[in-house]
Each structure stands twice: as C-alpha cells, then as structure tokens.
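User: Please pick one part of this model and look at it closely. Then go on to a few other places where its elements meet.

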Amino acid sequence: MTHDFATRAIHSGQTPDPTTGAVIPPIYQSSTFVQDGIGGFRNGYEYARGGNPTRTSLETLVADLEGATHGLSFSSGLAGEDALLRGILTPGSRIVMGNDVYGGTHRLVNRLFVPWGVSLQTVEMTDLDAVRAAVTSDTTVLWVETPSNPLMKVSDIAALAEIGHAVGATVVVDNTFATPYLQNPLQFGADVVVHSATKYLGGHSDVLGGAVVTSDDEIAEKTRFVQFAAGAVPGPMDAWLTTRGIKTLAVRVEKHSSNALALAEALVGHPKIERVYYPGLADHPGHELAARQMRAFGGMLSVKVAGGASAARQLVESTEVFLLAESLGGIESLISYPSEMTHASVRGTELEVPDDIVRLSVGIEGVDDLVGDILQALEK
Ligand code: PLP
C-alpha cells in the first residue's frame, strides 16, 4: 500500500528498535562495528564513514520522499553537491546552470571545478530557447534550481529534462526551496535531486546537512564512492536531528506557504515595495507553471524595495520578529540582504543580486505578527 506523504515522512525508514521496542530508533553513536570474525559484518556495517544505521534511516527516508531508489546524506548541502559533481564530472566536462542559483553552488563550480578543467556556462533557465542554445552535445550536467534563490524564478523541470536528455546530459534539480513535500523533480524526468537539508528538511535551524537522491544506479554508485572515499558524512546526531525534523515537514511547509502567501499579498501595492517575487501571486511569471509543478508555493519570497540599497538595509535592520540572519527554511522567520550575505560570493559575476533586493524566509509564527512586523519595519 502506498501511503500519503505525511505518513511516509513519519514512518519511512523508522522501524522501532527490535531489541527494546523503543518507538524512536536509537542514535547509533558509534564510529565502528564489531565483526564476527574477519569480514563478518552485521547488517553490512563496518566503519561509520561507510555507513551508520542512523544515517541509513535518514537516507531511506529522503529517498522515499523523493520517489527515488537511492538516498545519500552529507554533512552539508554543498558537501553533497561536491560529491555528486566529483562523481559524475571529469576534466573536460561541461556544466550548464541557471543564472541565479544559490551563490555557494556557483562558487563551488566556478572556484573548484573550473580550475580542475570543467567548463561552466550560466543561462536563464526560464528561457527554454536560451537553454536549448546553451546545452550542446558536450554538456555533461544541466543544473536547475527551482524556485531559485533569491529571485524565485520558476523553471519547467519536465521541459528542461527533455532538453538535457536530448544531448545525454544528467539533469540535476536543487529542490531545497520547494522541499519534497511541494515538488518531486524525479517525477518530471530529472535524474538527480539535491537538498540543503540545513533548510526545510531539518527545519529548525539547528543542524547542517545535505542530501543527494536518484534512481540512477550508476550515479548513485559514483556519488557513494566519493561519499565514502572523501568522507563528508553527517554524524549520527546530525542525521537523527534531520530525520526528526522531516517528520513534521508536511505540516510545517503548509504553514510556511500560507504565511508567505498572506505576507506577499499584504506587501503588493505597498508604497515602499516596488515588486514582490512570490510564485503564489497570480501575476508572477512562473505562477501557472508553479501551480502545475508544485503542491503549494513555499515559504520563501523576495521584495524589491523602493528607495534602493539604503531603504533595503533599513528594512532588514528594522524588524523585530524576523531575525536578520543567513539561511532559510527554519520555523522562525529570517530576513536577509542577499547582495552582501548569501550571494556576496557572486558579486561582480552574472549572478550578482541587485542591492535593493531583500529576501524573506517566512516562518510558522502567527501570520498577523509577521505581516505586522514587516509593515512596522517599512515605516522606519
Ligand atoms: N542550495 C540552496 C538552494 C541553498 O540555499 C543552500 C544554502 O543556503 C545550499 C544549496 C547549500 O547548502 P548548505 O549551506 O547546507 O551547504
């Protein structure tokens, strides 16, 4: 029987402990596992860089939630991206990625993979003709982030998968903003999904983590080899915290989404806001696509502040409930100034974020408190 997402988020990979009956499987805080004679491993566990039962629980869970056969977890989102790319790229490979992906993803490729001999091209992912032109027969990877960070552009995963596959490229989707609750890219033809589990999966701003999921055996094997050989794995406590966070993903993301929609609607037409970027608004260019591709519109939104950089800085420094901090996807609302915070590393590149953009990670607090907080901050 196939269960609902919310049921799988709570039960998948979470068998009660057979020895004690503990409903919550214990945290296996062990770096090594006894052998019954040389090579006599119990359940395949040998040394924790290769595998640990707490990590297996998390990996089983994220694979199930994305409808994949393989799940791999990492010590951060970027560690997962790095392992995947080291697994599937070689010097001479070419990667095409969206022109407003997370700055750290661009930095990883531009500063570590390009010097290694990989070529990188960025492209407007919402323009399918531009992508068709950019994706040539020597393209190894097409990297899509949707919705994108921070401008909330929505890209057509099914169409992009078709374009990528026509030249034999591996199509990767960063599903961090949407979460597997709102969007399952593999269902639309993508080959691999990556997550910063630090964000909505963990959900409480108390743990770093990453995940790579795929149903492609070869990609999984190559990525697992890098995971084992280089070792950027989560410790048992971090894997357990992420698993615990995921159990409430469905209810959290529903509330994040309804709060964000209410806030976006309250800000449209405000004299100090020039533009609201939220795919849930009917006039967002990706609205219809998002409605087809996503279950709801998520908890992230950005605004273009009237009055330029100084007004934007004033806004982020004037909130009381929204905390000024990097990151996103936690239960508490955060406000950030991408051009000098999350996207500082891409200043001077094509990915530079305008200095009048403010990004909001809308939490699950009372919606009136959140709307009231932004409105009072705009008065200052
Ligand atoms: N992908 C997206 C969309 C992100 O926002 C981030 C981090 O902000 C990452 C990947 C990288 O994740 P981590 O910070 O866990 O390494």
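Analyst: The order E8-E9-E12-E11-E10 describes an open sheet of 5 strands with mixed pairing; two strands pair if DSSP finds at least two bridges between them. Strands (E, at least two residues) and helices (H or I, at least four) are DSSP runs numbered from the N terminus. The model is predicted, so local features need pLDDT of at least 70 and side-chain atom pairs pLDDT 80 or more, while totals for chains, interfaces and linings use all residues. Residues are numbered from 1 along each chain as its sequence is written, and side-chain values use heavy atoms, without hydrogens and water.

At the edges of the sheet stand E8 (273-277) and E10 (323-324). Each has a single partner strand, so one side of each has no neighbour in the sheet. E10 runs parallel to E11 (residues 334-336), and 2 bridges join them. Leu323 has Leu334 in E11 as its bridge partner.

Helix H12 (residues 308-316) lies across E9 (300-305), E10, E11 and E12 (357-361). H12 runs at about 135° to E9; axes are lines fitted to C-alpha atoms, for helices over the stretch in contact, and angles run from 0 to 180 degrees between N-to-C directions.

Another helix to follow is H6 (residues 157-166), in which Ile157, Ala159, Leu160, Ala161, Ile163 and Gly164 are buried, that is, under 20% relative accessible area with a 1.4 Å probe, protein chains only. These buried residues pack against helix H5 (128-134), strand E4, strand E5 (170-174) and helix H11 (287-293). After H6 comes Gly168, with a positive phi near 80°.

E4 (residues 139-145) includes Thr139. Why does Thr139 count as buried? Thr139 counts as buried because its relative accessibility is 3%. Leaving aside neighbours within four places in sequence, Thr139 is in contact (heavy atoms within 4.5 Å) with Arg94, Val96, Ala134, Val167 and Ala169. With Arg94, the side chain of Thr139 makes a polar contact of 3.2 Å. A polar contact is a pair of N or O atoms within 3.5 Å; within protein, one must be able to donate a hydrogen and the other to accept it, and residues adjacent in sequence count only if both atoms are side-chain atoms.

H2 (residues 53-65) and H9 (residues 236-246) pack at about 35°, their axes 8 Å apart. On the H2 side the contact includes Thr54, Arg55 and Leu58, while H9 brings residues including Pro236, Ala239 and Trp240.

Note on methods. Buried means under 20% relative accessible area, exposed over 50%, partly exposed in between (1.4 Å probe, protein chains only).
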